[in-house]
Structures are given as C-alpha cells and as structure tokens.
Amino acid sequence: MSKKIVIVGALGYLGSELCKLYSGESWFNKIVAIDSRFVSERVSQLKDWNIEFHQGHILDKEFIKTNLGDADIVHHLAGITDVAYVKKESNIDKDEEIKKIAIEGTNNILDIIPQKCKIIFPSTHVIFEGLKEMKKNIDENESPCPILAYSSSKVQNEKDIKNSGNNYVILRLGSVYGYSSTDTMRINIMPNLFSKIASQNGTINLFSGGQQIKSLVPLTDVVRFMKLMGDNNKINREIFNLTKETVTVKEVAEICKKFNPKTTIKITEDETPNPGYSLSNKKLLNTGFKFFYSLEESISTMIKQWSYKQNNFDLEYKSRGEKEFVDKRGKIINYELTEPINLIGYIESIRGSMRANHYHPVQEQKVLLVKGQFISIYKSLLSKNSPKITHVINEGDSVVTKPNVAHTMVFTKDSIFLNLVRGEREHENYGITHTLPYSLVSDNEKKELLKNYKFDCRSCGGLNLKRVVSLGYQPLANNLLKSKNQEDEMFPLEMNYCSDCHNCQLSVVVDPKKMFSNYLYLSSTSKTFREHFEKAAKKYVKEFKLSPNKSYIIDVGSNDGVALKPFQNLKFKNILGIEPAKNLAKAANKEKIKTYNGFLDKESLKKIKKNADLVLASNVFAHSDDLKTMAECMFKLIKKDGTIIIEIQYLLNTLKDLTFDNIYHEHYNYWSLTSLITFFNHFGGKIFRAEKIDTHGGSLRIYVKKNPKTKVEKNVSELLKKEEKFGIKNYKVYQDFSRKVYNIRDNVRKNISNLKKNNNKIIGYGSPAKATTALNFFGISNEIDFIVEDNKLKQGKFLPGMKIPIISKEFLKQKADYSLVLAWNFFNEIKKKNVDLAHKFISIKDLEI
Ligand SMILES: [Zn+2]
C-alpha cells in the first residue's frame with residue numbers, strides 16, 4: 001500500500017539530503033517536500049526525483065491542512081537554524097520568533113496530522129547546555145536543562161509530541177557535520193567551519209585550549225536513520241540520542257591539520273565556560289543501526305571539496321587528466337572541472353597563429369588541448385604590477401584561466417582545442433559581454449616567442465619541463481640603457497625544472513650575441529674576485545704540479561683576464577683566454593694576457609691551440625644554450641689527462657637562500673651536482689671532485705677528467721647525498737621556492753613604501769645583473785633616485801626596465817637618508833668605503849622579510 005511521506009523543511013541542510021534518500025522511493029510512495037523558501041535549482045532537482053514540492057509556512061494552518069492532513073509519515077525539520085549559541089548573542093525579538101515558529105508551528109502540525117501518522121523529529125543535544133560540570137554518556141532518561149530559546153523550544157516540542165498521542169521518534173542530534181552536495185553548507189557547525197578554514201590554509205582558533213567535548217554525528221547517517229525510523233513500524237514512541245563521535249574541539253582541529261598541514265592551530269588559554277558533555281548512543285546501536293561515515297573521512301572530503309575550488313591561487317592552472325584507464329582499445333583520462341559547463345567550442349588553429357589577446361570579466365576559461373601545442377601568455381589585470389607570465393601547453397593538458405586574467409595563445413604546432421564554457425559565447429557579443437579585448441602580445445613579440453621558446457631540456461633533451469618560477473618579462477640584465485628614452489627588449493624570465501635530469505633552466509633562449517658581445521661587467525673591479533682567483537691559481541699549481549714553462553692553461557669566458565692574471569704573475573708563459581666580448585678581450589690583451597675574441601664553438605676551435613693541462617670555466621657554464629657543443633669543445637681542448645675545472649652558481653644555494661636574483665637571461669642553466677653528473681655522463685667525462693665555494697652567494701666547483709675510469713673522491717658522493725636529502729629531485733621543493741619568492745616580492749614592496757613614507761631620499765648602490773632582476777621583479781623605479789656605481793663603464797647609463805640613472809659617487813651632492821645596497825654580496829665592502837654617502841646602509845636582502 002502506498003504511503004504519503006511529507007518532509008517539512010525540505011530545502012535545508014538535513015532536508016535536502018533526506019529528499020535525496022527518498023528519490024528512489026518516490027515511484028511507489030508519494031513523497032511531498034515542503035519549505036517556506038523557494039530555491040529554484042533545488043526545487044527543479046526535486047521534480048527530477050519525482051518529489052512534489054509545495055512552498056508554504058508551518059504557521060499557515062490552511063497550508064498545513066492541505067498538505068499534511070492525510071500524511072502517513074512526517075519528517076518535521078522546519079525551524080530557524082540560524083540561532084544564537086551563547087547568551088550574549090541572543091536577542092529578545094529573535095528569541096520570540098524562534099519560539100513561535102518552533103512551538104506554534106509544531107503544534108499546528110500535531111493538530112492536523114491524523115492519529116495514525118508517525119512524526120520523526122530531530123531534537124538536539126543542546127538541551128543539556130545548562131549542565132554545570134562535564135558529563136559524559138548522557139542517556140535518554142536524563143532531564144534536559146536548556147538555557148537559550150533554541151533549546152528551550154526543542155524541549156517544549158519534545159513534550160508536545162509525546163503528549164500528542166501520535167507515533168513518534170525523537171532524535172537528539174549531536175552537532176551534524178558533513179559536506180552536502182545539494183544545500184549550501186551549514187558552515188556554523190564546528191567540524192564544517194574548521195574544515196572550511198583548513199581548506200584555505202587558515203588559522204583555527206581554539207578558545208580555552210579547545211578542551212570542550214562535543215558529540216558529533218555525520219549528516220548522511222542522520223538522514224539514513226531518519227528514513228529508517230520512517231520505514232520501521234516497530235519502533236514507536238521512542239527517543240534516541242543520535243550521535244557518533246565524542247571528541248574535544250582540539251581533536252577536530254588536529255584532524256583538519258592532519259589533512260592539510262598548512263592549517264595553523266592557535267590556542268588561547270582562557271577559562272573554559274562550559275566543559276561540554278556527551279550523549280550515549282548505546283540505545284541507538286541496540287537497534288542494529290550501523291554508521292557509514294566517520295569524522296576523519298568527512299573532514300577530508302570537506303577540505304578536498306572546498307580547496308578544489310578555492311585553493312588554487314594560480315591565475316592560470318595547467319593540469320593533466322587523471323585516473324588513466326588503458327586497455328587494448330585505447331585510453332581514457334578524466335578531467336575534473338571546477339564548475340558545470342553548458343557550451344563546448346571546438347577550435348582549430350594553424351601553427352604560428354595567435355588567439356585571444358583578451359580577458360573574460362566574469363567567466364573562468366577552461367581549455368582542453370586535444371592536439372598540438374601552444375605557448376600561453378597571461379597576466380592578472382587586478383593588480384597594477386603583476387608580471388606577465390608564459391608557459392607551454394602540451395597535447396592533453398587542460399588549462400584553466402581565472403576571470404580578469406588577460407591571456408594569449410601562440411600556437412607552435414597545428415592545434416585543436418576545446419573551449420569549455422559556462423555561460424554564453426555568442427560571437428556578436430565578443431568585446432561586449434563575455435570577452436573584452438586586451439592587447440597582451442604584439443605580432444613582433446609573437447615572432448620572438450616562436451623563435452626563442454625552449455621546449456626540450458638543454459642538458460638531457462627530455463620534454464618534461466615544469467615551471468619553477470616566473471619573474472615576468474624582463475630586459476637583458478646587463479644591457480644598460482644609454483638614455484632614458486631607449487626602448488628595452490623584454491623577454492620572459494622564467495625558470496623551468498627538468499624532471500628527468502633535474503637541471504633547471506630558462507624557458508627562452510636569447511641570442512647570446514645580444515648579451516655577450518659588449519660586456520660591461522669587469523671581474524677585476526672586485527677585490528673579492530681578484531683574491532678568489534689568486535687563491536685558486538695557487539691551489540691548482542700545487543695540486544696539479546703545474547710549471548710556468550711547460551703547463552698550458554685556458555680560461556673559457558675569461559672576461560678581462562681576472563682568472564689568468566695570477567698565472568701571469570707566477571710567470572706562466574702558456575695562458576690563453578677565450579672571451580666573446582670585444583671590449584673585454586681587448587682589455588685583457590692590452591694587459592698581455594693573450595685572449596681569443598669569440599665564442600667557444602666548432603668554428604673557433606680550429607683556431608685555438610689544444611692540449612691544455614687545465615681548462616677553466618668560471619661562471620660561463622650557465623651561460624650557454626648549446627651546452628653540448630661547449631662541453632665537446634672543452635674536452636677537445638684538454639690533453640689526455642688534463643683537467644677541466646668548472647665553477648657554477650650552485651642551484652642548492654639559490655633555492656635555499658632564495659637568491660632568485662641570480663636568475664637572469666645570461667644564465668640559461670642552474671646546476672646541481674646531480675644534474676652535472678648526468679650531463680657529463682653523456683660525454684664519458686668523469687666528475688672526480690666537487691667543492692663548495694662562496695663566490696656569487698654560494699657556488700660549486702667541479703673537476704672533470706676525460707678518462708671515465710678516474711677515481712672519484714668521497715666528496716662527490718657526500719654532496720650527492722646532501723642534494724638528495726634537500727629534495728633536489730622533488731618538484732615540490734621548487735614550487736615552495738616559487739611561493740616564497742612571491743612572498744619576498746610582497747614584502748619588499750611593502751617595506752620600500754614604508755622607507756619612502758617621510759619623503760626619505762633613497763639611493764641604490766651597485767648595478768650588478770641581479771639588481772636588474774630584482775628591481776624589475778619588484779617593480780621598483782621611482783622610489784630610488786640614483787644608483788651609485790664604481791664601474792666607470794656603467795656610469796651615465798640607466799638600469800634596464802626600471803630606467804634608474806646610474807652615476808658616479810662624485811655626482812652626489814647631498815647625503816641620502818638610505819643607501820640601498822643592490823650588490824648585496826659586497827655589502828660590507830661597500831658600506832665601509834662609502835659611509836659619507838648615506839645616513840643608513842641597508843641591504844636589499846633586508847627588505848625581503
Ligand atoms: Zn633534463
């Protein structure tokens with residue numbers, strides 16, 4: 001026989017979930033849903049489930065009569081749930097309303113439903129809020145002691161239901177938790193609130209140390225038990241405590257932290273106002289009921305559900321499909337979207353073409369690249385100084401771009417992508433509603449990108465390059481401007497990580513001729529460098545038993561001869577520098593240090609005398625896009641048992657010390673010992689010694705021989721172990737680096753505007769390449785009046801991008817308030833020599849915190 005089952009308050013947190021359970025039953029029982037609200041999305045959902053919906057209020061007797069007059073089962077969930085939890089938050093008017101709806105409304109229902117009708121009514125554990133001491137395992141016979149309006153009215157409801165003569169089941173619910181797919185969440189419930197905070201890496205505040213105990217119960221199990229009580233003819237006129245876990249508030253916070261370790265828990269040690277209480281569920285379990293869900297599971301789900309949509313801070317987010325399924329027929333991969341879509345655009349694009357150059361003010365853009373490849377360029381329009389970022393989208397990638405992010409696609413292959421849209425994309429509305437033009441990439445820039453972008457690893461040729469950090473579009477760091485009006489050439493400055501060989505490298509190749517043909521950086525200017533190379537020369541002479549008459553030493557990328565000078569001083573006759581910068585080669589030759597002007601490549605190799613005992617390469621090994629040729633040439637320059645000694649900036653230091661300003665276009669590569677070993681293995685070369693040295697804020701010196709059987713020293717394996725432990729092979733370490741670098745940017749911008757507050761005069765000191773990277777990334781220009789520089793070649797010029805004048809210190813007429821030392825690795829040297837220039841010396845590094 002068919003029954004009529006009415007759910008009152010059907011659109012709420014419990015009601016929605018309960019309706020879902022009844023959806024399967026609506027084909028043989030009549031299910032009616034009632035609510036005082038009308039939420040169209042949920043009502044149409046009810047229709048799909050074959051559930052009747054009627055909008056109306058439980059205070060409206062006529063309405064109740066029409067809909068409940070012939071009910072067999074009533075789930076009475078109506079009532080105000082947005083209630084005060086502590087006395088000081090309650091107010092008389094609201095209390096009156098709560099009581100009126102609860103008591104009068106319930107009595108209306110009780111008056112109208114037929115005698116045979118069974119009423120299922122959720123009461124609450126809060127009816128024991130008046131307990132003075134902690135009490136555990138309260139059973140169903142305990143006398144309630146309500147204080148506030150909400151619990152008082154629940155106690156009254158319980159009495160009225162018991163006295164009505166109807167069949168009933170009253171459920172004293174613990175705090176109901178859990179993600180609801182149908183209703184907007186009840187966020188004021190403690191486990192839900194904590195999960196929401198945790199999903200956003202937030203801070204959970206625990207008052208009184210979170211010692212209060214609470215009885216909790218999962219949403220899904222609550223509605224399961226309610227339906228069970230409706231179905232069950234034998235259980236009548238009973239009260240059940242419907243609770244599952246009893247935990248302290250602190251324990252709930254700790255579970256949240258377990259699922260998202262980035263959650264902070266803050267404990268205050270004030271006095272516990274109410275130690276809490278717990279309800280026993282013994283009677284409930286005796287019915288044979290089994291809980292399906294657990295607190296840990298629910299919290300984990302909630303954190304996941306919320307963070308999926310909101311935890312993704314990337315402006316543009318690239319991902320691969322998941323849950324791959326492969327069999328003989330082929331492959332299935334799933335892509336989870338952030339929201340439902342209603343339109344799919346199918347778009348073909350020809351190699352070399354460009355699309356977009358626009359943004360969507362409201363819509364999120366979702367693209368699935370089915371075939372081909374494109375470079376995506378994007379920039380947030382919400383803040384003024386946001387950098388322009390690029391990355392490669394490969395076949396099978398999905399890419400989600402947030403609203404108000406200008407974006408452009410440059411196709412590097414013939415491509416097909418699907419545009420997955422929520423909302424409209426009418427062509428006639430282009431430029432009016434969904435899409436607004438924004439000129440992000442010019443035709444010329446497109447050409448440069450197509451020419452310069454690097455899709456495979458420079459070291460191993462692998463294709464698995466992942467983004468480490470983007471410092472935006474930047475000018476070439478050492479190409480100082482002759483005048484303020486001169487245009488900078490800008491290129492993306494972005495570091496990628498090769499997950500095959502662990503080398504880090506830039507995403508683009510800039511023509512080396514643009515950077516190295518006229519080089520303004522004179523190594524000999526720095527006392528630190530002069531001393532460094534003097535020490536090194538003496539060490540090599542001793543260890544490799546070099547003799548001034550017989551030994552032959554080559555320095556690749558010899559600059560002004562700074563590394564060879566000490567050998568010259570030791571009367572070495574056979575020394576040769578190789579230097580592409582004309583001005584530097586000329587300067588070295590003038591000093592009688594024989595220098596070949598050119599790049600080290602196959603062509604120049606013919607002109608250079610071979611059989612060297614030592615080939616030195618200091619800070620040039622990072623400077624090559626065509627590494628293989630360079631390494632091959634170096635091997636051809638040494639004699640059979642000769643040694644190559646390479647100094648490079650050490651990636652581990654860059655990552656650890658956050659010296660992101662070591663990243664500039666000249667440095668194509670960022671090495672670790674791990675990646676260097678893989679690289680030299682290709683040539684059969686053997687790294688037999690590795691030393692850490694302190695130039696450039698932390699460098700690595702490696703010794704290489706041709707003979708693969710060369711005995712390897714212990715320091716190699718030791719350093720490798722250290723790198724592994726640091727996480728050199730773990731992409732997450734690189735992502736953390738990126739996040740921290742962006743934090744630094746925020747801090748510096750904040751700190752410099754503080755320094756500037758009283759119209760303080762700030763000058764910079766030193767214009768090394770790292771200053772160009774840092775200032776351009778931070779977007780600092782007008783804040784600094786001048787940059788003082790000792791290198792005469794740089795004086796009178798302008799810092800690229802930010803166009804700050806570079807001057808000699810004689811030019812300064814008045815003492816500045818602050819001297820911001822941009823060549824921060826020479827801070828002490830600079831401060832000591834220039835105390836007259838400013839009242840205070842600050843290293844730019846000090847602004848990073
Ligand atoms: Zn690689």
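When we say that one residue touches another, we mean that they have heavy atoms within 4.5 Å of each other. With that in hand, F621 touches L627, M630, M634, I646, I648, N669, W671, L676, F679 and F680, leaving aside residues up to four places away in sequence. Keep in mind that this is a predicted model.

**Nonpolar cores**
- F621 is also one of the residues with the most contacts inside the largest nonpolar core, along with V556, M634, F680, I702 and L775.
- That core has 82 residues, and its largest share, 8 residues, comes from helix α21 (residues 731-755).
- Apart from it lies another core of 37 residues, with A10, I73, V169 and V223 among them.

**The zinc site**
- Four cysteines hold the zinc ion through their SG atoms: C457, C460, C498 and C501, at 2.3 to 2.4 Å.
- Along the chain, these donors follow the spacing C-x2-C-x37-C-x2-C.
- The 4 donor atoms subtend angles of 105 to 113° around the zinc ion, so the arrangement is tetrahedral. For reference, the ideal angle for four tetrahedral donors is 109.5 degrees.
- C457 counts as buried because its relative accessibility is 3%, while C460 is partly exposed at 26%.

**A buried loop residue**
- N503 sits in the loop between β28 (490-498) and β29 (504-506).
- Is N503 buried or exposed? With 0% relative accessibility, N503 counts as buried.
- Its contacts, again not counting residues up to four places away in sequence, are S459, N496, Y497, C498, N669, Y670, W671 and S675. One of these, C498, is also a donor to the zinc ion.

- In α2 (residues 40-48), R42, V43 and L46 are buried. They cover an arc of only 100° around the axis, so they lie on the same side of the helix.
- That goes with a general rule: an α-helix has 3.6 residues a turn, so residues three or four places apart point the same way.
- On the other side of α2, you'll find S40, E41, K47 and D48 exposed.
- What do the buried residues of α2 pack against? Their partners are α1 (13-22), β2 (30-35) and β3 (52-55).
- Just after α2 comes N50, with a positive phi of about 65°.

**A covered strand**
- Strand β11 (residues 238-242) is mostly covered, with 4 of its 5 residues buried.
- β11 pairs with β7 (residues 167-173) in the parallel sense, over 5 bridges.
- To spot the pairing, look for R172, which stands opposite N241 in β11.

Methods:
Residues numbered from 1 in each chain as written. Predicted model: local features only at pLDDT ≥ 70, side-chain atom pairs only at ≥ 80, totals over all residues. Heavy atoms only, no water. Buried < 20%, exposed > 50% of the residue type's maximum accessible area, 1.4 Å probe, protein only. Helix = DSSP H or I, 4+ residues; strand = E, 2+ residues; numbered from the N terminus. Arc of directions from axis to C-beta. Pairing = 2+ DSSP bridges. Core = buried A, V, L, I, M, F, W, Y, C linked by side-chain atoms within 4.5 Å. Donors = N, O, S within 2.8 Å, 3.2 Å for Na, K, Ca; no water. Tetrahedral: all angles 85-135°; square planar, octahedral: opposite > 155°, others 65-115°.
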